[in-house]
Structure formats: C-alpha cells, structure tokens
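Here is a short tour of one model, taken in a few stops. Keep the sequence and the 3D view at hand as you read.

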Amino acid sequence: MNIKTGNPAVNWKYFEEDWHNWATAMKLDTESPQIVLASLKRIIGRETREIAENLPITNREDPKVVLKALRDHFIPKKNVSYERYIFNTTVQGEDTIDNYVNKLRKLAISCEFDDLKKTRCLGIV
C-alpha cells in the first residue's frame, strides 16, 4: 500500500477493496488464517507492516483483526458536523454544474446524509 503519497484514508479504502478482490480471486477464504495473514503481510508492504507492528492489536494471528486495526489507523474518526459545514458552505465558483454536483456528491459521502444525499446535492444546485 502506498502510504507516502495522497490521502491515507483514500489509499486505504482502495487498498482494502483491492485486497478483498485479490483474496477472493486467490480463494483465500478456504485457506488457514496463517496463510491469509502471510498473504496480507506480503501485499501491504514493508512500511505498512511496520505501522501494524506498532499498533495495539489484540490478536496478531487473526487477519481480520489486523485489517481492522489498520483501517482504524488509516481512516480517522470524522467530525460529521464539520463535514456538513464544509458541504453546506461549498460554492460552485468556476465549476461547471456537472463538476459542482459531482463535488457535492463526494462531500456528501462523509456527511452521513444516507438517503438524503441525492436530494441534498440537487437541492443546493
């Protein structure tokens, strides 16, 4: 996983999706936890392994526990009130209407609007 460039939370999101796809393709669900963990350690790379070694992980032999600890590390807790403030104060500026709506949709994800996301985005425009 690339931890030096870009947004770590976004990088983790894509890594975790790639990991699950790769694990499915390799049929790791039929393998022992030791095999899955060895595969995970190989895939995440040295820098991320070093981070994992320093996290407070309760069961280092369980790949699901290791993945959760890494997820908690890379994806910080969000302040929903702040995320909604950013959403509500975003202006169109020079963006085309399509780009502006797309920007609002991206921002709405972290606002936890759930079913209101589409309505909120279009209501602002």
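## Salt bridges

A salt bridge here is a side-chain nitrogen of Lys or Arg within 4 Å of a carboxyl oxygen of Asp or Glu. By this rule the count comes to five salt bridges. As background, side chains of opposite charge can pair when their charged atoms come close.

Before we look at individual pairs, a word on the model: it is predicted, so local features need pLDDT of at least 70 and side-chain atom pairs count only at pLDDT 80 or more, while totals for chains, interfaces and linings use all residues. Residues are numbered from 1 along each chain as its sequence is written, and side-chain values use heavy atoms, with hydrogens and water left out.

Let's start with E16 and R71, which form a salt bridge whose closest N and O atoms are 2.5 Å apart. E16 lies in helix 1 and R71 in helix 3 (residues 63-74), so the pair ties together parts that are 55 residues apart in sequence. Helices are DSSP runs of H or I with at least four residues, numbered from the N terminus.

How do the two partners sit relative to the surface? For the terms, buried means under 20% relative accessible area, exposed means over 50%, and partly exposed is in between (1.4 Å probe, protein chains only). E16 is buried, with a relative accessible area of 10%, whereas R71 is partly exposed at 30%.

## Two further pairs

E50 and R46 meet through their side chains in a salt bridge of 3.0 Å, N to O. Both residues lie in helix 2, four residues apart, about one turn of the helix. E50 is partly exposed at 34% relative accessibility, and R46 is exposed at 59%.

K103 also forms a salt bridge, with D95 as its partner and 2.7 Å between the closest N and O atoms. K103 is partly exposed, with a relative accessible area of 33%, and D95 is partly exposed too, at 23%.

## How the helices cross

Now to the helices themselves, with axes taken as lines fitted to C-alpha atoms over the stretch in contact, and angles running from 0 to 180 degrees between N-to-C directions. The axes of helix 1 and helix 2 come within 12 Å and cross at roughly 135°. Angles under 35 degrees count as roughly parallel, over 145 as roughly antiparallel, 65 to 115 as roughly perpendicular and the rest as oblique. Helix 1 and helix 2 are therefore oblique to each other. Their crossing is right-handed; a crossing is left-handed if the near helix is turned anticlockwise from the far one by less than a right angle, and right-handed if clockwise.

For helix 2 and helix 3, the axes come within 10 Å and cross at roughly 25°. This pair is therefore roughly parallel, and the crossing is left-handed. Helix 3 also holds K68, which is partly exposed with a relative accessible area of 44%.

## A nonpolar patch

Which residues make the nonpolar surface patch of about 260 Å²? They are W22, M26 and I43. Patches are made of residues with over 30% relative accessible area and no salt bridge, where like charges are joined within 9 Å and nonpolar side chains (Val, Leu, Ile, Met, Phe, Trp, Tyr) within 5 Å. Accessible areas come from the Shrake-Rupley method with a 1.4 Å probe.

M26 is found in the loop between helix 1 (8-25) and helix 2 (33-53). At 44% relative accessibility, M26 counts as partly exposed.

Terms used:
Helices (H or I, at least four residues) and strands (E, at least two) are DSSP runs, numbered from the N terminus.
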